[in-house]
Amino acid sequence: IVSDALSSGSAKMLKTLSELLQDKTEQLAGNSTLLLLLFESEVASLNELARSTFESLPAEQQKAMHLMLVDSPDQKTYAYGLTQLRTLYEDPGEAIPSEFLIRMLEHSSAEVRSYISGKLQDSLASFGGGNQLLFLYYV
């Protein structure tokens, strides 16, 4: 039903859907498929709801959802996923989890493949920035 509403619903229907989902954020957090649909939708308020829900997820649930975001064929969705890679892993100085690496190298988007390829090359060229464990991890 939600998919149909997003693809062919009227403005009034989308507004009602948005209001209903705003009231059900706890249930939304437990439904990764619906959350992904909201990220991929063309409705800005639903995109924002999806982002705020994602950011409030517990770490393990957030990691699973994050993997889905990076793996999405939708440009704005995977772009948000790449931004979150920087925020959640790179900025704090952590390695990108291995589950992400293979999926990103096999992604249909050249942008995603290029992003992870560049990260791997940078790490290898700098020997992990002096971090031997990071270097070995990427090798």
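Mentor: Ala-11 lies in helix α2, where a helix is a DSSP run of H or I with at least four residues, numbered from the N terminus. This is a predicted model, in which local features need pLDDT of at least 70 and side-chain atom pairs count only at pLDDT 80 or more, whereas totals for chains, interfaces and linings use all residues. Residues are numbered from 1 along each chain as its sequence is written, and side-chain values use heavy atoms, with hydrogens and water left out. With a relative accessibility of 65%, Ala-11 counts as exposed (over 50% relative accessible area, with buried meaning under 20% and partly exposed in between, for a 1.4 Å probe and protein chains only). Although Ala-11 and Val-43 are 32 residues apart along the chain, their C-alpha atoms are separated by 9.7 Å.

The helix that holds Ala-11 spans residues 11–23 and packs with helix α5, residues 44–55, at an angle of about 15 degrees, the two axes being 10 Å apart; axes here are lines fitted to C-alpha atoms over the stretch in contact, and angles run from 0 to 180 degrees between N-to-C directions. The two helices, α2 and α5, are therefore roughly parallel to each other, a label given to angles under 35 degrees. On the α2 side, Leu-17, Ser-18, Leu-21 and Gln-22 meet Ser-45, Leu-46 and Leu-49 of α5, contact meaning heavy atoms within 4.5 Å. Sorted by class, the residues in this contact of α2 with α5 are four nonpolar, three polar and no charged (Ala, Val, Leu, Ile, Met, Phe, Trp, Tyr, Cys and Pro count as nonpolar, Asp, Glu, Lys and Arg as charged, and the others, Gly among them, as polar).

Helix α6, residues 59–71, packs with α8 at an angle of about 15 degrees, with axes 10 Å apart, and that makes α6 roughly parallel to α8. In this pair, Lys-63, His-66, Leu-67, Val-70 and Asp-71 of α6 make the contact with Glu-99, Phe-100, Arg-103 and Met-104 of α8. By class, the contact of α6 with α8 comprises four nonpolar, one polar and four charged residues.

Helix α6 also holds Gln-62, which at a relative accessible area of 13% is buried. Leaving aside residues up to four places away in sequence, Gln-62 touches Phe-54, Glu-55, Leu-57 and Leu-88. The C-alpha atom of Gln-62 is separated by 9.4 Å from that of Ala-29, 33 residues apart from it along the chain.

Turning from helices to a loop, Ser-109 is found between α8 (98–105) and α9 (110–125), and its relative accessibility of 10% means that Ser-109 counts as buried. The side chain of Ser-109 is joined to that of Tyr-78 by a polar contact of 3.0 Å, that is, a pair of N or O atoms within 3.5 Å in which, within protein, one must be able to donate a hydrogen and the other to accept it, residues adjacent in sequence counting only if both atoms are side-chain atoms.

For the protein as a whole, the secondary structure comes to 10 helices and zero strands. Of the 139 residues in the protein, 37% are buried, and among contacts between residues at least 6 apart in sequence, 53% join residues at least 24 apart.

Technical notes. Angles under 35 degrees count as roughly parallel, over 145 as roughly antiparallel, 65 to 115 as roughly perpendicular and the rest as oblique.
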